[in-house]
Protein chains: 4
Amino acid sequence: MIYFDSDYMAGAHPKVMERLLETNYEQTTGYGTDAYTAKAVTLIREACGTPDARVHLLVGGTQTNATVIDGILARHEGVLAAESGHINVHESGAIEATGHKVLTLPSYQGKVSACDVRNFIKDFYSDETYEHMVAPGMLYISFPTEYGTIYSLEELEDISAACHEADIPLFIDGARLGFGLAASDVTLKDIARLADVFYIGGTKVGALFGEAVVITDSRLLKHFTPLVKQHGALLAKGRLLGLQFEALFTDGLYFKIGEDAVRKALRLREIFEKNGFPAAMDSPTNQQFFVLPNSVIDRLKENASFELWGPRGETETTVRFVTGWSTTDEDIETLKCLIESCR
Amino acid sequence: MIYFDSDYMAGAHPKVMERLLETNYEQTTGYGTDAYTAKAVTLIREACGTPDARVHLLVGGTQTNATVIDGILARHEGVLAAESGHINVHESGAIEATGHKVLTLPSYQGKVSACDVRNFIKDFYSDETYEHMVAPGMLYISFPTEYGTIYSLEELEDISAACHEADIPLFIDGARLGFGLAASDVTLKDIARLADVFYIGGTKVGALFGEAVVITDSRLLKHFTPLVKQHGALLAKGRLLGLQFEALFTDGLYFKIGEDAVRKALRLREIFEKNGFPAAMDSPTNQQFFVLPNSVIDRLKENASFELWGPRGETETTVRFVTGWSTTDEDIETLKCLIESCR
Amino acid sequence: MIYFDSDYMAGAHPKVMERLLETNYEQTTGYGTDAYTAKAVTLIREACGTPDARVHLLVGGTQTNATVIDGILARHEGVLAAESGHINVHESGAIEATGHKVLTLPSYQGKVSACDVRNFIKDFYSDETYEHMVAPGMLYISFPTEYGTIYSLEELEDISAACHEADIPLFIDGARLGFGLAASDVTLKDIARLADVFYIGGTKVGALFGEAVVITDSRLLKHFTPLVKQHGALLAKGRLLGLQFEALFTDGLYFKIGEDAVRKALRLREIFEKNGFPAAMDSPTNQQFFVLPNSVIDRLKENASFELWGPRGETETTVRFVTGWSTTDEDIETLKCLIESCR
Amino acid sequence: MIYFDSDYMAGAHPKVMERLLETNYEQTTGYGTDAYTAKAVTLIREACGTPDARVHLLVGGTQTNATVIDGILARHEGVLAAESGHINVHESGAIEATGHKVLTLPSYQGKVSACDVRNFIKDFYSDETYEHMVAPGMLYISFPTEYGTIYSLEELEDISAACHEADIPLFIDGARLGFGLAASDVTLKDIARLADVFYIGGTKVGALFGEAVVITDSRLLKHFTPLVKQHGALLAKGRLLGLQFEALFTDGLYFKIGEDAVRKALRLREIFEKNGFPAAMDSPTNQQFFVLPNSVIDRLKENASFELWGPRGETETTVRFVTGWSTTDEDIETLKCLIESCR
C-alpha cells in the first residue's frame, strides 16, 4: 500500500528524530525556558530576517490559531477569514469558544481578495448601527490555503496593505508554510515582512508536532506566555519543540522538505493529467485534487490510500493526494503504474 | 551536576523512545483513529478493570483539566478544588477562561476533606440565595497532590461517597498518578472505581508528553472528541500518544517507573533526615520537601539542581527534590555525599 | 413630525404605565419572586395553553437570546439560524461571546426552510470529519422575522418536525410576536406547541421593556435562574416585569396592540402602493419596506421620521416604516397626505 | 406591615415616575442616542466634576460589573476583590463566565486594605512562575460595601495610589453610592478623581433600575457601546435610563435620597442600640446589621419584614434592616414601638 492521505501520517523526519534521541537523557528546564528552544528561536529569527521578532513554540495548529486570535482581538471584535478557512470550518468552534465571531469573506479556491477585505471594512463602518455588529479586528489567511492554492507576492502585498490601511493585523496560518514557500515567489522573509503575526507549521512539515508563532508587530500579544498556558498549549517538556525546530532550521531542512514534497506532488499531478485526469484546483503545492470516476477510485484504493474530498458522488468524486517528507519517488512511480492500469 | 528539579526535565523512558523510533516511517490515520491508540486504550481499560470506560489521549495536563471540567460542568456550575489545587493556582486561569469558577476548599497539605465537601454542599443549598451563587458541579482532586501527599484508600472512598451523595462527579487529576499508586494502598482499579473521570499522567511518568483520560461514568462527556478538538488538544499525529501509552502499559512499565522513582525518593528523604533535615511535607511519593539553611542550599547548588519552593527566606528556605524515570541510584548516592559534606 | 422609525420609540401602553404607577409604593420581594410576577406567569401559561411551562421574565431581547442559547447548547454545539437572523447580525457577537458559533442557513426574506434545516443536519453527520466541526445543537428562528415576514402554520409545523426528527430544540425569537400573531393563522398556542422554548416580546409590543421566556420542553434549561443572573438579566425590581406582563395579558391587551398596529401598517402599505410604491418585502406585519426615489425620501423626511434600510442608493433607497402601540390613525392619514403630495 | 428588607423593594421615587409618565408618548431614538440620555450624561459629568468623562447608562449591577470588568481585563488577567465582594459571591459567576478569575483579598467588614493590594502585586511578580498564574489586572471595590461599611477618604486615596503604582485601574461598584456619599467625607468628585471607572447606582437609590458607568481614565473601555450590546445590557428604550438619571441629578435628588435614607437608618440603629441590641457591623449607611435573639426576631416578624443574614442560629441570628427612598419616619417610629415591646 502507498499512502497519500495527508502530510501528518508518518512520524518525523529522521534528522528530527535523531536530535530527540541523542538528547533524551539530558535534563533541561521546562516550558520552553531551555537552551534548545532559545537556539531554535534564534534560527527562526534569522531565517525570517526579523532579529527582534518574538517567537513561541506551540504544539498544534488549532490551539495556535485560537491562542493567537484570542490574544489579539478585543472583546467586541471578530476575525475576518475566508468562508473555507480552517478556523471557520474544521476547528470545532475553537475561535467561538474564546468568545469571538469568525466574519466570513468569499473564498476563491481558499483565498480571500484584498478587495473584499477593503469592502467589508468600508461597508461595516458606513453602517450606522455598526456598534451592534461584530467589528473586524484582524484578518486570518492561510498560506498555502486549505485547497493547496497560494497567494502571489503581489496579492500578499495588497492584502497586507488592505489590513494596515484599516489598522488591523494580518495573521497568516502557515500550517503548511514549507510547501507554500517551495511553490511560489514568496519567501519566508516576505511572510515575516507582510504579516503581523504568523506561524511556521512543523507538524505537517517534518516534525512530530509543533508550530512556531512569529510575532513581528511588537505591539501585539505582549503577554503571550500566560495566554499560551491558559490555552493549554504550553508544553511541559518544551525542549522537544526547541529540538525539532532547531533541526528543521539547520542547513535549511525545513525548506528542503517543502521543496521535495512539492516536486513529488507536481510529478504526481503530471501523471494524473497525462492520464486524462486534470487537477480540480489550481494548486502548486503538496496537496493535489482531482475528480475521478468512482470506478477508478475503487481500483486505486486497492493499492493506494488517499482521501475522498467530500461525499462520494454518483459516478465521480473529488479526491485529494498529498505528499510529505516521507513520500518517496518510488511511491510516485508505483502510483503511476496504478493509474495507467486504470485507463 | 545532578538534577532533582522536576519529573519533566528529561526526555522519555527508553522503551517509549524505542517505539516511536521503530514506527517512525509507518503511515497511520490521524487524530487518534489509528491502531496504536486503539491498542493503548485496550491496555489502559484492562489495567483499570473497566472494559467499558472511554479513554482519550491528550497532550498536556492543563489542557486536560480544562477540557474535562468544561465538558462536565453546566454553565451555572463551578468546580470544587483545594485552594492549593493546580487548577486554582498554576494554570493561568484556564478553568475560568472556559467560563467556570473554581470554588475553593481548605487545603490540608494539598488534600481536601470529605467533611469539607459535604459541608460546602449543605451550606450552599441551605442558603436562600443560592441561585445567585455558583453551584458546585463537580469535585477536582489531585492524586498525589501538588505537595506529594496522597489520600488513603479510606479517604478516597469517603470523598467519592461525598460526591455521589450530592450527585456530582469526582475528577482525579493524575498528572503524577504512577508515583501515587507506588506509594499507597490505592490501586489503579480503586481510582477507576471511585472516580467518575480521571487521567493517567504520562508527561511526568516516562512519556515525552501525554495524559490518558479515563471516563468511567458513561453519562459524562458523551461528545468528548469535538471538545478535545475545540480545546486544541487533539494531536494530529495522534498515534504518538497511542505508542507512548502502549509502551507504558506493556509489562507494567508505568507502574515500575512509579515504584522506582518513589524508592529513590524515599532513599533521598532518608538521607536528608539522617543528616538532620526532616521532611517538610508528609509525602511518600517522588516529590520531597525540606526546609534547608540557606548556607546548605548554596553549597548543594554548586553540584545539584533543585527548586526553591517559594521565595528565599532570610536564613532558611523550603526546597523541593523530585525523582523521575531518569534518576539513577548513582544520582542519589552523589547527593548523599554532597549532603554529608554540608553538615 | 410623525414617527415610523421603530416600535420602541415611545414609552409603554397607558395601561402598563397605569399599573406601574398605582403599585409604585408597594414593597415586594425582588428578582421575580413577587406575586405580580407569579400572576403574570399564570396569565401567560393560560394564554399559551401550557399549564406546566416554565416562564421567566427578562429585560431585553439580546440578553434573552444569549441566555437561552447559552443554556441549551452543549459546549461543542452551535445554533442554526438564518444568515439574516438577529443573533447573527445585530447583537454584537453576544452568542459567540458565550462560546458558541452561529451556523447560518440561507435566508428567504428572513425565513429559513425546513428543507435547508434537514439538509444541513444530514450533510453534517454524513461528513466523516464532523467531530472537527461545530454540531448543530438547536434552531433559532424569529417570528415575525427581521423583515416583517411570517411563517405559515404549515411552514412552522414542518420546521418544528425537522428539528424534532434531529432531536434538536426549536427556539423562536418573538421580539415582535404580537404583530406576527395578528397577521397570520398561527396562534400563541401553536407557537407554544411547536417551539421548545420561545419568548413573547414586550419591549416592542407595549411594554417599557421585558421579554417573557416560555419553556415548554421540560428537559431544557432546568437551572435557568442562575443562568439569567449570570447573564446580568435578572432584574432586581423584578415585579416591574411582572406588572407589565400582567397588564399585557389582561383582557387580551397584548393581542389588541398587535392587531391595531398591524391594521395601521396594512393601511400604510395600501397608501404607498396606491401611490405607486409597491412593498419591497412580503410583510403582513407592522414593519413595511419600500424602495423610494431619493427625492421622495427627502420630501417625506421634512415631516416624517423613518429609517433608511441600508446605505442610501444613487437614485433610490429601501426604507422601513414601522407602526406600534402609539401610532394613531391620524399619523397614518397625515402620512397619506404627505405621500400624495410627493407624486 | 413595615418593610426593611432591602432598598429595591418599592418602585421609583415619585419624581422619577413623574418624568417617565410625562414623556411617555414622546418618540425618541433608541439605545441611548436620545436627548434625555445626553442631558443625563451632562448632569452626571457636572456632578462628578469630570467634563470629559464618558458616561454610559446600563440596566443592572451584575451586568454592569461583568461588562466593565470584561472590557478592561486582558485575557490573562483577573480582577482583585475582597473575598466578600459582590462579584465573588452573589453574581452567579458572571465574571468567570466572561473568562476571568476573581482574585480574592481578605475582607475587613467588606473592605480591602491598600496594604493587601500592594502585597498581592509584589508577591505575584516576585514568584518566578507568575506567568502560570492569573495576573492582577484591576481592583474592584464597592462603596459602600456589601456590609454597609465605607472607606474613609484617606483609605480611598491610599487604595487608589496602590493601584496606580502598579498601573492597574481602580473600579468602584457604587450600587449604593448615594448612601455611601451621605455617610462619609468622600464626595462624588473624590470618587471620580480616585477611581478610573465607577458606577452610580440607580436601582437602589430611587430609580426603577439603572446604573451610570463613569469612565474617567480615557484609555479604558474605548469601545464600550458594542460591549454593552454584547452583554445584553443596551436597553432598547434607552431614554428610560436617561430620564431617570436626569431626574436623579436634577436639584440634587440623588444625594437627598441618600441622606434621607441614611438619617433614617441611623435613627433605626439608635433605637436598636437603646434597646440593648448593638450594631453588628460598623455601618454608617442605610444597611444596619444586628444580632437578635430568635424570640425577638419572631415577635418583630409579625409586624415587620426584614432579612435574616445567613442561616438562623440556635438562639440568636444576624439580621439586616435597610432603609430606602420609600422608608418613612412613621415606619421608623412604628419599628421603635415594636422593638420596645420586645424587651
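1. Leu221(C) is buried, with 22 other C-beta atoms within 10 Å. The scale is this: buried means 20 or more other C-beta atoms within 10 Å of a residue's own, exposed means 12 or fewer, and partly exposed lies in between, with C-beta atoms placed from the backbone. Leu221(C) also has a positive phi of about 55°, although it is not a glycine. Look for Leu221(C) in the loop between strand S8 (211-215) and helix H10 (224-230) of chain C. Helices (H or I, at least four residues) and strands (E, at least two) are DSSP runs, numbered from the N terminus.

2. A word on the model. It is predicted: local features need pLDDT of at least 70, side-chain atom pairs count only at pLDDT 80 or more, and totals for chains, interfaces and linings use all residues. Residues are numbered from 1 along each chain as its sequence is written, while chains are lettered from A and ligands numbered from 1 in the order in which they are written.

3. Tyr31(C) is another non-glycine with a positive phi, about 60°. Tyr31(C) is partly exposed, with 19 other C-beta atoms within 10 Å. The loop between helix H1 (14-22) and helix H2 (35-48) of chain C holds Tyr31(C). Most residues other than glycine have a negative phi, and most peptide bonds are trans.

4. Check the cis peptides. One joins Phe143(A) and Pro144(A), with omega about -10°. Pro144(A) sits in the loop between strand S5 (135-142) and helix H7 (153-165) of chain A. In chain D, a cis peptide bond joins Phe143(D) and Pro144(D), and omega is about -10°. Pro144(D) lies in the loop between strand S5 (135-142) and helix H7 (153-165) of chain D.

5. Chain D has an open sheet of 7 strands, in the order S2-S8-S7-S6-S5-S3-S4, with mixed pairing. Two strands pair if DSSP finds at least two bridges between them. Strand S2 (54-58) and strand S4 (102-105) of chain D are at the edges; each has a single partner strand, so one side of each lacks a neighbour in the sheet. The twist averages 25° from one strand to the next. Strand S3 (residues 77-82) of chain D runs parallel to S5(D), joined by 5 bridges. Leu80(D) stands opposite Leu139(D) in S5(D).

6. Chains B and C touch. The contact takes 15 residues from chain B and 15 residues from chain C, where contact means C-beta atoms, placed from the backbone, within 7 Å. On the side of chain B that touches chain C, helix H3 (61-72) and helix H10 (224-230) of chain B each supply at least two residues. The largest share of that side, 5 residues, comes from H10(B).

Technical notes:
Axes are lines fitted to C-alpha atoms, for helices over the stretch in contact, and angles run from 0 to 180 degrees between N-to-C directions. Two residues are in contact if their C-beta atoms, placed from the backbone, lie within 7 Å.
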